[in-house]
Amino acid sequence: MIGLMPANDLAVVILAAGKGTRLKSSLAKVLHRAGGRSLVEHVVTACAPLKRRKTVVVVGYQAEQVSAVVEPLETESVMQQPQRGTGHAMQVARRALGAAKLALVLPGDAPLIRTETLRSMIAAHRGANAAATILSAVVSDPGGYGRILRKSETAVQAIVEESQLTDEQRELNEINSSIYCFTLEKLWPALAQVKPNNQHRELYLTDAVTVLAARNETVLAHVAPDPREALGCNTRADLAEVDRIFRERKRAELMNDGVSIQLPETVLIDPDVTAGEDTVLEPGVQLLGKTKIGQRCTIRTGSVLSDMLLGDNVLVEPHCVAAQSRLDDDVVIGPFARLRPGTHLKDGARAGNFVEMKKTIVGEGSKVPHLSYLGNTRVGPKSNIGAGTITCNYDGFGKHPTTIGKGVFIGSDSTLVAPVRIGDGAYIAAGSTITENVPADGLGIARGRQVNKPRWASRKRRELAAAEHSGKKARPRRKSKARPKKSRRR
Ligand code: UD1
Ligand code: CA
């Protein structure tokens, strides 16, 4: 039985207690985002498919916020306070590891690590019955990383931190990713020997590796197939680089699924987004959160969609901003439409330029073509909402609903003061302020009656011309005498 499930002896430990001083931020480093997720979420996600007893996250700086992010992802957090180094973080995690025999240790700031690489590293560790296996990477710029010092082709002699490198060692280009596999019964005694012999007075986990090597235990370095997997985010520049890599991976994935992306490097797509075949994304588009897009949709330049659900053949014209809303098949929005949460445009409906909607349902084929605001509104099918129509859904105390039936025609520049109902097939005269329900097939008209005054304008023009004529004679006298007096009085 035990032989059948060897993986159950493994625990994952993610070190995420540090502040991340080099980012110069009030936010803990592992909570910074790249590629649409926080750094620590990427690390947890990479470990999730591994067979393991549990995942323990060591938290400290902004522990509550970090725990709030990782605990919903089937992890358990352990508090490290104060933070006395990566070795100390492991000691703090010890109790939570229970009966685990192996630990896969990762820093919370190495978001590019892939599950496959972890799998092969664990297999190498098990295969060699090693005490420790380091995931290393060969890089062109090793600055800032601990370096791997080898005693032979296969065996590691030490990890030397950047601050303790000799000039010779500085040339070494195999770096420590800070991702390790440890056989725990070997790790604990080695860690107990480590002293905080460094400028930060911290216990370094790297020193425990060096202790194991000095005791002639088997210490392996497993080279990552892609050196970027070892990238630890210490600076804003690192964050930007990691973000760029994730975005590139995601775009490649969607293009593989049959999506066209124009000027791909300008398009930003979050990891959970999906899009169907023959959908086209124009330059500068952002698809965020859990946005799901059907087939043959076009999202035109500059549009930002967050947590949106789109059917097939939807056209989003340039510069739309839409969040937490639904667009069914053949809907057209924009240019410059803004859809706020809880909006739903049914098949073939349209929200045109400078239209804002919130918590609004628009029926099949209905159109809101220009300059309108609809909030807490239901519009039936085949209705037309004229330019400049505004629902007054807020009275300063609460929000109220507006219900517009099917086949309704709302004349331009109408205000509908909620709560109010417009029956099926009704008309609203342009420029009306509607405060009472309008019955089906009726006409609502609520505005001042027009009065025409014949020849009023020509009379006015004559009067003005006469006044100007007499004024011209009067002016020079006023200029020379009256002005100085006036200013003295002030
Ligand atoms: C560490 C390694 C270095 C390696 C590099 C790879 C050490 C001493 N050095 O350096 O060899 O090349 O990672 O990126 O380990 N943390 C805690 N508690 C602490 C201190 C740190 O949980 O007391 C966590 C941090 O939140 C971070 C991780 O451990 O997620 C690594 O710490 P960091 O300060 O980034 O180590 P580096 O200096 O990058
Ligand atoms: Ca780091």
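Q: Helices (H or I, at least four residues) and strands (E, at least two) are DSSP runs, numbered from the N terminus. What kind of model is this?

A: It is a predicted model, in which local features need pLDDT of at least 70 and side-chain atom pairs count only at pLDDT 80 or more, while totals for chains, interfaces and linings use all residues. Residues are numbered from 1 along each chain as its sequence is written, chains are lettered from A and ligands numbered from 1 in the order in which they are written, and side-chain values use heavy atoms, with hydrogens and water left out.

Q: OK, the ligand. Which residues come nearest to ligand 1?

A: Leu15, Gln80, Gly85, Glu161 and Asn176, out of 24 residues around ligand 1. A residue counts as near if one of its heavy atoms lies within 4 Å.

Q: Which elements supply at least two residues of that shell?

A: Strand E1 (10-16), helix H3 (86-93) and strand E10 (174-183). E10 gives the most, with three residues.

Q: And by class, what is in the shell around ligand 1?

A: There are seven nonpolar, 12 polar and five charged residues. Here Ala, Val, Leu, Ile, Met, Phe, Trp, Tyr, Cys and Pro count as nonpolar, Asp, Glu, Lys and Arg as charged, and the others, Gly among them, as polar.

Q: Where is the oxygen atom of ligand 1 that lies 2.6 Å from a polar backbone atom?

A: That one is at Asn176. Leu15 also has a backbone N or O atom 2.8 Å from an oxygen atom of ligand 1, and a polar side-chain atom of Ser178 is 3.1 Å from a ligand oxygen. A polar contact is a pair of N or O atoms within 3.5 Å; within protein, one must be able to donate a hydrogen and the other to accept it, and residues adjacent in sequence count only if both atoms are side-chain atoms.

Q: How much of the ligand does the protein bury?

A: The protein buries 90% of the 750 Å² that ligand 1 exposes when taken alone. Those areas come from the Shrake-Rupley method with a 1.4 Å probe; for residues, only the protein chains shown count as cover.

Q: Which pocket does ligand 1 take up?

A: The largest pocket. A molecule sits in a cavity or pocket if more than half of its atoms lie within 2 Å of its grid points. On a 1 Å grid over the protein atoms alone, a cavity is a set of points where a 1.4 Å probe fits but cannot get out, and a pocket is an open set with protein on both sides within 12 Å along at least five of seven lines; lining residues have an atom within 4 Å of a point.

Q: What volume does the largest pocket have?

A: About 1200 Å³. Of its 37 lining residues, Arg22, Lys29, Thr86, Glu202 and Asn234 are the closest to the centre. E10 has the largest share of the lining, four residues.

Q: And the second largest pocket, what is its volume?

A: About 340 Å³. Its lining has 17 residues, and Arg37, His42, Phe246, Arg249 and Pro271 are the closest to its centre. Helix H1 (39-47) and helix H7 (236-256) each give two or more residues to this lining, and H7 gives the most, with five.

Q: Changing topic: which peptide bond is cis with omega near -5°?

A: The one from Gln81 to Pro82. Pro82 is in the loop between strand E5 (76-79) and H3. The bond from Ala418 to Pro419 is also cis, with omega near 0°.

Notes: Grid points are joined across faces, edges and corners, and a volume is the space filled by probe spheres set on the points.
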